[in-house]
Amino acid sequence: MNPLSNKGLHILLTLETESEALLLDSARFLSFTNEILETKEVEIVGITNHIFENQSFTSAVCLKESHLCIHTWPEFKQLTFDVFLCNYTQDNTEKVEKIADEVIEYFKAKTIQKHKIYR
C-alpha cells in the first residue's frame, strides 16, 4: 500500500452510559486520558477543556500524532469521542483501536455509532 494512502485511522464514537458521574467529571477523564496515552508512546502537545453550566464538558487533546476529542451530554446519557493518530513514522492503527476500546470501557458504555475512517 502506498504510504500516502494510509495516513492513519480516525475512529468516531457515539456512546451511551448509565455512569452519569463520569459525564460530569472532566478532570477524571483527562487524568484517565493521560494514563492511557502514556502507554501508547504518543506525545501530548496541548490540552483544552471547557466545562458547561450543567457540568458537561468538551475536551481536546492535541497530540504530535494528531488528536482526541470528547463532548458529553449527561441529559441524554451520551458522549461523542473521536481519536486520530497519523501513521507518519509507524502504523498506529492498533493504538487507535485500543484507545477507543479503553474509552468505551472507562464509561461502561454501549456503542450507538462507530465509524472508522482510514485516511
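Helices (H or I, at least four residues) and strands (E, at least two) are DSSP runs, numbered from the N terminus, and strand β5, which covers residues 78–86, is the one that holds Asp-82. The structure is a predicted model, in which local features need pLDDT of at least 70 and side-chain atom pairs count only at pLDDT 80 or more, while totals for chains, interfaces and linings use all residues. Residues are numbered from 1 along each chain as its sequence is written, and side-chain values use heavy atoms, with hydrogens and water left out.

- Asp-82 is buried and yet has no salt bridge, where buried means under 20% relative accessible area, exposed means over 50%, and partly exposed lies in between (1.4 Å probe, protein chains only).
- A salt bridge is a side-chain nitrogen of Lys or Arg within 4 Å of a carboxyl oxygen of Asp or Glu, and the nearest side chain of opposite charge to Asp-82 is that of Arg-119, 7.1 Å away; for such charges, Lys and Arg count as positive and Asp and Glu as negative, while His and the chain ends are not counted.
- The side chain of Asp-82 does make a polar contact of 2.6 Å with the side chain of His-67, a polar contact being a pair of N or O atoms within 3.5 Å, where within protein one must be able to donate a hydrogen and the other to accept it, and where residues adjacent in sequence count only if both atoms are side-chain atoms.
- When neighbours within four places in sequence are left aside, Asp-82 is in contact with His-10, Ile-11, Leu-12, His-67, Leu-68 and Cys-69, contact meaning heavy atoms within 4.5 Å.

**Leu-68 in strand β4**

- Leu-68 lies in strand β4, which spans residues 66–73, and it counts as buried because its relative accessibility is 1%.
- Residues up to four places away in sequence aside, Leu-68 touches Thr-33, Leu-37, Ser-59, Ala-60, Val-61, Phe-81, Asp-82, Val-83 and Ile-99.
- Leu-68 and Thr-33 are 35 residues apart along the chain, and their C-alpha atoms are separated by 9.3 Å.

**Helices α2 and α3**

- Helix α2 (residues 26–38) and helix α3 (residues 93–106) pack at an angle of about 145 degrees, with their axes 11 Å apart; the axes are lines fitted to C-alpha atoms, for helices over the stretch in contact, and angles run from 0 to 180 degrees between N-to-C directions.
- This contact is made by Arg-28, Phe-29, Phe-32, Ile-36 and Leu-37 of α2, together with Ile-99, Glu-102, Val-103 and Tyr-106 of α3.

**Loop residues**

- Most residues other than glycine have a negative phi.
- Gln-55, in the loop between β2 (44–51) and β3 (57–63), has a positive phi near 75 degrees although it is not glycine, and with a relative accessible area of 41% this residue is partly exposed.
- Lys-108 also has a positive phi, of about 50 degrees, without being a glycine; Lys-108 lies in the loop between α3 and β6 (110–118) and counts as exposed, at 61% relative accessibility.
- Ser-56 has its place in the loop between β2 and β3 and counts as buried at 5% relative accessibility, and a polar contact of 2.7 Å joins its side chain to that of Asn-54.

**Salt bridges**

- Side chains of opposite charge can pair when their charged atoms come close.
- The structure holds 7 salt bridges, among them one between Lys-110 and Glu-16, whose closest N and O atoms are 3.5 Å apart.
- That pair links distant parts of the chain, with Lys-110 in strand β6 and Glu-16 in strand β1 (residues 8–16), 94 residues apart; Lys-110 counts as exposed at 53% relative accessibility, and Glu-16 as partly exposed at 27%.
- Glu-18 forms a salt bridge with Lys-77, with 3.1 Å between the closest N and O atoms, and this pair joins the loop between β1 and α1 (20–23), where Glu-18 lies, to the loop between β4 and β5, where Lys-77 lies, 59 residues apart.
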